[in-house]
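Q: I have a new structure open and want to learn how to read it. Where do we start?

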Amino acid sequence: MKLPRIARRIGKRVVSAVPVLRRHILSSTDYHVLRGPEEARGLAASSGGWLASRTVARQDRAYLGLIAAMKSGEPRLDLRIAAEAVAATGIANPRLLDVGCGSGYYSEVFATLLPQGIRYTGVDYSDAMVARARAHYPSMTFEVADATRLPYADGAFDAVFNGVSLMHIIDYPAAIREAARVAAHYCIFHTVPVFHQHRTTFLRKYAYGAPVVEVVFDKQELMELCRGAGLRLHREWPGIPYDVQEVTGHHSATETYLFSV
């Protein structure tokens, strides 16, 4: 039964006002600017973050509604763009590596929105994420692997897809180089938070109840890193709104990039 509008408003205000509720109910909250990569590494080392089974379960539940809406013909903008970016490669049934695959939900997104099919492999550095992915999608291939040291040969995949995970990788230059190395034709960096007029900034936030590191990129720096890795920008898409101006003093957005190798 749906609650009256006034009750929903009061509930939202209570959740926002109480830190313990805010951090455990909202998917992203309590942003704080970090001094740089060293402080970010210290936070990552001391927090369970994406490695914790509880965080994995909460993120997984949050995507159930999105997957259901997609299957009913109403995919959220970011899911639709992810499929469009893969389709824009023009490769039929591509070998695709999903870096930072989480609980594997993009395998279902692509299976639903790309009827021509893909040959999917997902990797994540979190054992808990990979365990959840294997349980959900037993017919797919999932491996535990570090995005900065991928265990694959040069050009092993037609395309490498990094979906909403580059922002959580502290050594993102290495992750970009590795994606370019194992991609034979294309790299897709999906839903990347960027500043157009501000430096790359490391943040701490609470995601599904756990403190995690997030990176909002200086777009110019990001493009230079991609060019240095041998990537050429082929196409880009604006993404869902994501503005961290309140904590950083600078407006941000999310974008998806398709690079050719």
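A: Start with a rule for sorting residues. Ala, Val, Leu, Ile, Met, Phe, Trp, Tyr, Cys and Pro count as nonpolar, Asp, Glu, Lys and Arg as charged, and the others, Gly among them, as polar. Now apply it to the lining of the largest cavity. Its residues divide into 6 nonpolar, 1 polar and 1 charged. Keep in mind that this is a predicted model.

Q: Which residues line the largest cavity?

A: The lining consists of V99, A147, L150, V160, N162, A175, E178 and A179. Two elements give two or more residues to this lining: β5 (157-163) and α8 (172-182). The largest share, 3 residues, comes from α8.

Q: What is the volume of the largest cavity?

A: About 40 Å³. The count is 1 cavity of 30 Å³ or more.

Q: How many residues line the largest pocket, and which lie nearest its centre?

A: The lining has 50 residues. Nearest the centre lie W50, V164, S165, M167 and H168. Sort the lining by the rule above, and you get 28 nonpolar, 14 polar and 8 charged.

Q: Next, confidence. What is the mean pLDDT of the protein chain?

A: The mean is 91. In the chain, 89% of residues reach 70 or more. Over residues 10-26, pLDDT stays under 50. For that stretch the model has 19 contacts beyond four places in sequence.

Q: Now a strand. Why is β2 described as largely enclosed by the rest of the structure?

A: Look at burial, residue by residue. Buried means under 20% relative accessible area. In β2 (95-99), 4 of the 5 residues are buried, so the strand is largely enclosed by the rest of the structure.

Q: In which sense do β2 and β3 pair, parallel or antiparallel?

A: Parallel, over 5 bridges. β3 covers residues 119-124.

Q: Last, backbone angles. What is phi of N93?

A: Phi of N93 is near 50°, a positive value in a residue other than glycine. N93 is found in the loop between α5 and β2. It is partly exposed, with a relative accessible area of 31%.

Q: Is D30 buried or exposed, and what is its relative accessibility?

A: D30 counts as buried, because its relative accessibility is 15%. This residue lies in strand β1 (residues 28-33). Phi of D30 is near 55°, again a positive value in a residue other than glycine.

Note on methods:
Residues are numbered from 1 along each chain as its sequence is written. This is a predicted model: local features need pLDDT of at least 70, side-chain atom pairs count only at pLDDT 80 or more; totals for chains, interfaces and linings use all residues. Side-chain values use heavy atoms; hydrogens and water are left out. On a 1 Å grid over the protein atoms alone, a cavity is a set of points where a 1.4 Å probe fits but cannot get out, and a pocket is an open set with protein on both sides within 12 Å along at least five of seven lines; lining residues have an atom within 4 Å of a point. Grid points are joined across faces, edges and corners, and a volume is the space filled by probe spheres set on the points. pLDDT is the predictor's confidence in each residue, from 0 to 100. Contact means heavy atoms within 4.5 Å. Buried means under 20% relative accessible area, exposed over 50%, partly exposed in between (1.4 Å probe, protein chains only). Two strands pair if DSSP finds at least two bridges between them.
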